[in-house]
Amino acid sequence: MNQPLVTILDDEPEIRHILTDALEEAGFRTQSYSRAREFEAALNQITPDVCLVDLSLPDTDGLALVHRLALEQGAAVIIVSGRAQVQDRVTGLELGADDYITKPFDPTEVVARIRARLRAPRGQTSNTNIAEFNGWTAYFDRYLLKDKSGAETPFSHAEGEVLRLFLESPKRLISRAQMQDSLGGAAGDSFDRAMDVRISRLRTKLGEDPKNPRLIKTIYGAGYIFLGDVVWK
C-alpha cells in the first residue's frame, strides 16, 4: 500500500530539505517545488494527500493559491509560513486552509499535524459520496453543493470534512472535543477558530440566517447539532 504523498511548496531550499527529511523518515512520500507554476503543473500528474504551502512565494500570491487548492483539490492544505500575525492565520483559515504552522517550526510537529489531518474519522461513516438533505445535495467526490434549482456551490476540503461529520451524525450533539478527535488538528484556540470559520462558511453557502440558523445550530458551551433530514445515496 502506498504511503501518503505530501507536496512541499517553498522557495527556501533549506526548508524544503528539512521537511523532506523529516517526512520521509516518518514514512511519507514527498515531492517538493520552489515555484507555484511548477507545483500547479505537477498537480495535473499527481494526487497529493497533503499540500504544504508557504505564503511568501516569488511568482504568485500564496493566499490565492491556498484558496484555489482548497476548492479544487481533494488534498488537505496546510500553510507553513513565517507570517505569524493573527490576521494572516485567520485569513488563511477563512480561505480554506486546514491548518496553519508558523516558521520557525519543529519538524516533528509538522509530521504530527499531517498525521492528524490524515487520521481516519472514528465511528460509523458512510460508504457513499452523495447525501441529500433539506433540498440540498452534497457531492463529496466533486466538492459541490447543489440546491433544488440545480445551482452549484463549491466547498473546500476543510468545509467538506465538517459538513460530512454533521451529515453522518444528524440530530446529535457534536462537541468541540469530538470534532477535534474526528477531524484531527491541535486542540486550542487555533482549532476552535478554524471550526468557527468553516461552520460560518457552510452556513453562508446553505443560505442560513446567521442570527437564526435552521440547519446547523450552536449549543453554547456544548457544541453543535445538525437538524436536517439526511439520506445517503
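**Cavity lining and sheet**

Student: What makes the lining of the largest cavity nonpolar, polar or charged by class?
Tutor: The lining has seven nonpolar, no polar and two charged residues. Ala, Val, Leu, Ile, Met, Phe, Trp, Tyr, Cys and Pro count as nonpolar, Asp, Glu, Lys and Arg as charged, and the others, Gly among them, as polar. The lining residues are I8, L9, D10, I15, L19, L52, V53, D54 and V80. This is a predicted model: local features need pLDDT of at least 70, side-chain atom pairs count only at pLDDT 80 or more, and totals for chains, interfaces and linings use all residues. Residues are numbered from 1 along each chain as its sequence is written, and side-chain values use heavy atoms, with hydrogens and water left out.

Student: Why is this space called a cavity, and what is its volume?
Tutor: A cavity is a set of points, on a 1 Å grid over the protein atoms alone, where a 1.4 Å probe fits but cannot get out; lining residues have an atom within 4 Å of a point. The largest cavity has a volume of about 40 Å³, the space filled by probe spheres set on the points. One cavity of 30 Å³ or more is counted.

Student: How do you know that β11 and β12 pair?
Tutor: Two strands (DSSP runs of E, at least two residues) pair if DSSP finds at least two bridges between them. Four bridges join β11 to β12 (residues 223–226), so the two strands pair by this definition. They run antiparallel, and I219 stands opposite G223 in β12.

Notes. On a 1 Å grid over the protein atoms alone, a cavity is a set of points where a 1.4 Å probe fits but cannot get out, and a pocket is an open set with protein on both sides within 12 Å along at least five of seven lines; lining residues have an atom within 4 Å of a point.
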